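Hi everyone, thanks for coming. Please have a look at the model on the screen while I talk.

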Amino acid sequence: MSRGYMEVANVISGAAMNINGQTTFSKEFPMGEGWYKMMLRIGISVVIGTGTTPIAESELLFIKGVMLKTDRGELLCNLPGRALYKIAVIKAGSPPRKDAMAAATAVYYVNLPIIFVDWRTVRPEDTVLDTSRYSSVSLQITLGTVADLFTVVGTSSVTATLDCEIERSYGPLPFPDENGNGGGKPLFHISYDYRPPVDASVNLYIDLERSPDMSVKRYYVHSGTAGTAGVPFSGANSDAIQSVINLKDQNRFIQKDRAHAMIRDHNKDQYSLESVLTGIEVFDFIRDGSLASALATADKSVLQYAWTNQGGVAALSIVTCVAEMIRTLK
């Protein structure tokens, strides 16, 4: 009943992508194996001309959206590049490759993994992506413009390419035997998605998604100053917005009166991070390694993330909450 060994397969090399628009990939992905991780490498090719003053983390902000879904209507990922990158840092404990943007002609690479299997859990394969269930999966990447990279655009220009590799099983995942033992089929599919971001100078809460088919493994919350209304993970990473955090449902506080600074310190120790991540908080419900501990939402009429501000919070202080969820297979 072996699942076979794991292999890494190259599926896309140097594919051109649309600037200020979407590019969709589907036929490039062979179906049949179990996927553990999809690894995207986006090459941002800049001709600088008279462009100056690169924006901080603009190589991430340029990647407006990464959406991955199956032909059965399962949403696996719907995140901006900055969110995917920060999640990757947290899961690995160290940052993937990211070439900081500079006012110089060059190709700047950003590596973004979409992680299906959680190696922190007792049975990581519970959320392996079994592509034998599908006829196709679709990857849609949305990019911005050169104005997302530099404060002064001048005569600068940008093009972009995609490389993609998949960490997968060698051959199809096996079924259990006649006694129900063994096998490597998933019980759930993973889903990364975000709620509409809010301006903390106006609102002090985010209503979180509730669904009968969904439980939450982790919430990732980002705070940024001088952001863009309605744009997730926008603005300059900041720890000067939230002060005290609460997470509650209709009956109780799930997290009560927690200090933003202490959450960040705890996250650093919990995930063995090289340094505290500015503007990022993680709320982990499966620290015991069991998906059975995930936060079920089917029984909740209210599920809300709320906070108090530190005081003097300016307009366009954007707070975004991303949920890492498990959902029942369709």
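This is a predicted model: local features need pLDDT of at least 70, side-chain atom pairs count only at pLDDT 80 or more; totals for chains, interfaces and linings use all residues.

Residues are numbered from 1 along each chain as its sequence is written, and side-chain values use heavy atoms, with hydrogens and water left out.

Let's start with the sheet. Four strands make an open, antiparallel sheet in the order E14-E21-E17-E18. Strands here are DSSP runs of E with at least two residues, helices are runs of H or I with at least four, and both are numbered from the N terminus. Two strands pair if DSSP finds at least two bridges between them. Strands E14 (205-207) and E18 (253-259) sit at the edges with a single partner strand each, so one side of each has no neighbour in the sheet. From one strand to the next, the twist averages 10°; axes are lines fitted to C-alpha atoms, for helices over the stretch in contact, and angles run from 0 to 180 degrees between N-to-C directions.

What joins E17 to E21? Seven bridges do, between residues 242-249 and residues 303-309, and the two strands run antiparallel. Val244, for instance, stands opposite Thr308 in E21. Helix H3 (residues 260-270) packs on the sheet and touches E17 and E18, where contact means heavy atoms within 4.5 Å. The direction of H3 makes about 100° with that of E18.

Now for the charges. A salt bridge here is a side-chain nitrogen of Lys or Arg within 4 Å of a carboxyl oxygen of Asp or Glu, and by this rule the count comes to 24.

Take Arg168 and Glu7, with their closest N and O atoms 2.7 Å apart. Arg168 belongs to strand E11 (residues 157-169) and Glu7 to strand E1 (residues 6-17), so this pair ties together parts 161 residues apart in sequence. Arg168 is buried, at 13% relative accessible area; buried means under 20%, exposed over 50%, and partly exposed in between, using a 1.4 Å probe and protein chains only. Glu7, at 21%, counts as partly exposed.

Another salt bridge joins Arg327 and Asp213, at 2.9 Å between the closest N and O atoms. Arg327 lies in strand E22 (residues 318-328) and Asp213 in the loop between E14 and strand E15 (214-225), 114 residues apart. Finally, salt bridges with shared partners join Lys91, Asp118, Lys217, Arg218, Asp284 and Glu324 into one network.
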